[in-house]
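Me: Could you take a close look at one part of this model for me? I'd like to hear what sits around one particular side chain and how that region ties into the rest.

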Amino acid sequence: MRGRHIETADNLDTLAQRAARRFYETAERAIADPERGRFLVALSGGSTPRALHQALVAHYRDLIPWDAVQVFWSDERCVPPDHPDSNYRMARETLLEHVPLPAANIHRMPGERTDYDAAAADYEAEVRAVFGTPAGTTPRFDLVLLGIGPDGHTASLFPGTAALHEASKLIAANWVPKVSMERLTFTYALINNARQVMFLAAGEEKAEALRDILSGQTSVDERPAVGVRPVAGEVIWMVDRAAMRLAEQDAGAP
Ligand code: 6PG
């Protein structure tokens, strides 16, 4: 891992503003790089990213060259795209409908499909096609956005689930007993080849998991987010004080 940076904001709104600026700066660097010329990003699901999306629309809508941005998702619930639980629907409502991103640049995970393994394989093929990376090599995202649950899950890599130990696929279908739902998710192989991973974590309910993950004193089966260690990339933790309370307590412990 090229390094870990933790930025603590007073609250979710400030966290989102700062995360939006980092998103913009990362996009600008990728697009300005003559060897890249575009920004390859995976959005996160859940509710925390809503604030990030709103900050991007408010402050960076006219600054980011959206035609050079390719948008993917790091996970999806296996539901139709208009379902209230759909990560795509949340992003469509809070971001995609408000920025001039070409439809061809939106790479939605096919959550509506019931042939889950085939859906995962087809999405992996779509990622490879857009990145231009043949089988045997791993696409390298410029930015993968992630969150963590109170149990330390990230993307749809939940404690005790099969996808935690997926060794070859980049995208996996994963049955999650905790939510009685099939999910599609990035695996560690894809996440850990990213140039940058940015976690967004806010709220007291994330404090225990965040303390364990940042300490490293845990396992992927207990706190899956601890398995996010980009081999040649950096991890940015955008957190608020409530989520950092226990980790800061430990750090301050004699
Ligand atoms: C999902 C997410 C998941 C999410 C965490 C945090 O599909 O649910 O990808 O990993 O990031 O559960 O969710 P909140 O932001 O809602 O706390």
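Reply: Asn 174 touches quite a list of residues once you set aside its neighbours within four places in sequence: Ser 156, Leu 157, Phe 158, Thr 161, Ala 162, Ala 163, Met 181, Glu 182, Arg 183 and Thr 185. Contact here means heavy atoms within 4.5 Å. Before going on, keep in mind that this is a predicted model, where local features need pLDDT of at least 70 and side-chain atom pairs count only at pLDDT 80 or more, while totals for chains, interfaces and linings use all residues. Residues are numbered from 1 along each chain as its sequence is written, and side-chain values use heavy atoms, with hydrogens and water left out.

Asn 174 belongs to strand β6. (Strands are DSSP runs of E with at least two residues, helices are runs of H or I with at least four, and both are numbered from the N terminus.) Its relative accessibility is 2%, so Asn 174 counts as buried. The cut-offs are under 20% relative accessible area for buried, over 50% for exposed and partly exposed in between, with a 1.4 Å probe and protein chains only. A polar atom of the Asn 174 side chain sits 2.9 Å from the backbone oxygen of Ser 156.

Next, the partner of β6. Strands β6 and β7 pair antiparallel over six bridges, where pairing takes at least two bridges found by DSSP between two strands. One of these bridges links Ile 171 to Phe 186 in β7. Together β6 and β7 form a hairpin with four residues between them. Ser 180 is in that turn and has a positive phi of about 50 degrees. As a rule, most residues other than glycine have a negative phi. Ser 180 is exposed, at a relative accessible area of 54%.

Now back to Ser 156. The side chains of Ser 156 and Asp 75 are joined by a polar contact of 2.6 Å. For a polar contact you need a pair of N or O atoms within 3.5 Å; within protein, one must be able to donate a hydrogen and the other to accept it, and residues adjacent in sequence count only if both atoms are side-chain atoms. Asp 75 lies in strand β4 (residues 75–77) and is buried, with a relative accessible area of 4%. Leaving out neighbours within four places in sequence, the contacts of Asp 75 include Gly 45, Asn 87, Met 109, Ala 155, Ser 156 and Arg 183.

Ala 155 is another residue with a positive phi of about 50 degrees, and it is not a glycine. Ala 155 is in the loop between β5 (143–147) and β6 (171–176), and is buried at 10% relative accessible area.

That brings us to the ligand. It is surrounded by 16 residues, the closest being Thr 48, Asp 75, His 153, Ala 155 and Lys 206. (A residue is near a molecule if one of its heavy atoms lies within 4 Å of it.) A polar backbone atom of Ala 155 is 2.6 Å from an oxygen atom of the ligand. A polar side-chain atom of Ser 47 is 2.7 Å from a ligand oxygen. From an N or O atom in the side chain of Arg 183 to an oxygen of the ligand, the distance is 3.4 Å. The protein covers 88% of the 420 Å² of accessible area that the ligand has on its own. That area comes from the Shrake-Rupley method with a 1.4 Å probe.

Gly 147 has Leu 200 as its bridge partner in β8, and Leu 200 in turn is bridged to Met 238 in β9. Strands β8 and β9 (residues 234–240) pair in the parallel sense over six bridges. With helix α6 (residues 207–215), β8 and β9 make a right-handed β-α-β unit. Right-handed means that, with the strands pointing away from the viewer, the path from the first strand over the helix to the second runs clockwise. Strand β8 (residues 196–201) has six of its six residues buried. Gln 196, Met 198 and Leu 200 are on one side, with Val 197, Phe 199 and Ala 201 on the other, and both faces are covered.
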